[in-house]
Amino acid sequence: MILDRLDMTPDELERRTGWELKPEGLCKDDRCVPLPAGGAADGLVDVTVVAERLGMPLVHDERHDLWALGPEAGDRVLASAELPPIVLADVEGRPFDLSSLRGEKVLIAAWASW
Amino acid sequence: MALPVWQQLRTELHPQGLEIVTVALDLEVDAARSWIERSGADHPQLVDTAHRLDELLGIVNVPTALWVDENGMIVRPPHTAAVERYDFSKLKTPKGLPDDLDAHIRDMLEQVKRIPRFDADHYVEALRDWVEHGAASEYALTPEEVVQGSASRSPEVAEAAAEFELGQHLHHAGHVESARAHFRAAHRLQPENWTYKRNAWELVSPGIQGPSDFYDGDWLSDIKAAGPEHYYAPPDF
């Protein structure tokens, strides 16, 4: 995800990464990762600390002062067989939520013009 | 281009409960637009300019498909989706090209001919079997098999996703030069990801994705280095 600063509120963190700030640390599903002192202060979490603790790459573009926080590195891309939330746009820019197809079998086919 | 084939399959199998969603892994919506508009498809046709599918699902080349059941559970992780019947044996270079370009394209076609082709009929049979029998189909995998069959996400692969995301963001903001540095980083970190490479090459060398001042690789050099036989992961059906 693209960031223009390296702190965010716990609400924003949860909305954008699925990780919730709790007294025991950062939690997602049944997993909690302790957050070291200084990882959260004054109502904001430090994205640098979060990235380090969760094994997420944080890359920077100095000239434009932007960062991208990547996915958690680990064993497999899919942590479970459940299709992750995916919303993509059509050519007119209208968003389409793949979860709206629950109840049907779905084949997702990636292609490219090149 | 497989879009008409997906539409045919959709027409056949939608009455039995299959929806098809095509996703163009194109940096520029306009590059995909005319293909999409001409396809006449009834199903959702989306464009993933940021390559979210690479990050979230481990896609590295096209055509790639995955199957999802009625409950939103993946039953076939991303796999090479062979639905087109190719005959590349008669491929020829267009007439009247300058000598150096002619030689380059000739060389590309030799590599294309050595890319393995997979059994489209068998793939479509497997798909029909799953649509009819669901979880009882031998082609539907268990959740554990799906997770194990998904791509690995090393620290380098995760970082490549972040670099590509930053690159495409800068590209779309008009910072084309800054974007290239991040595309280069993504290529270095995940050389097996052809979508990251081909999208970037296409911007600077449309059509042939040839050598440029901006990227270390190009289609011809990279496929020779990787070996055309490794261009697609063989589908395991």
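**Exercise 1.** Work out how many helices and strands chain B of this predicted model has, and in what order they come.

*Solution.* Start with the tally: chain B has ten helices and four strands. Next, walk along the sequence, and you get α-β-α-β-α-β-β-α-α-α-α-α-α-α.

**Exercise 2.** Decide whether chain B is as compact as a globular protein of its length.

*Solution.* First take the radius of gyration, which is 19 Å for chain B. Then see what the globule rule gives for 237 residues: 18 Å. The two values are close, so chain B is as compact as a globular protein of that length.

**Exercise 3.** Look inside chain B: what share of its residues is buried, and what share of its contacts joins residues at least 24 apart?

*Solution.* Count a residue as buried if 20 or more other C-beta atoms lie within 10 Å of its own. On that basis, 41% of the 237 residues in chain B are buried.

**Exercise 4.** Describe how chain B meets chain A.

*Solution.* Begin with the contacts: 74 residues of chain B touch 46 residues of chain A. Helix 7 (residues 155-172) of chain B gives the most to its side, with ten residues. Sort that side by type and you find 43 nonpolar, 17 polar and 14 charged residues. Finally, check the strands: strand 12 (residues 105-111) of chain A pairs with strand 1 (residues 18-24) of chain B, parallel, over seven bridges. There, Ile108(A) has Val21(B) as its bridge partner.

Notes. Residues numbered from 1 in each chain as written. Chains lettered and ligands numbered in written order. Predicted model: local features only at pLDDT ≥ 70, side-chain atom pairs only at ≥ 80, totals over all residues. Helix = DSSP H or I, 4+ residues; strand = E, 2+ residues; numbered from the N terminus. Rg over C-alpha atoms; globule rule 2.2 N^0.38 Å. Buried ≥ 20, exposed ≤ 12 C-beta atoms within 10 Å, placed from the backbone. Contact = placed C-beta atoms within 7 Å. Nonpolar A, V, L, I, M, F, W, Y, C, P; charged D, E, K, R; others polar. Pairing = 2+ DSSP bridges.
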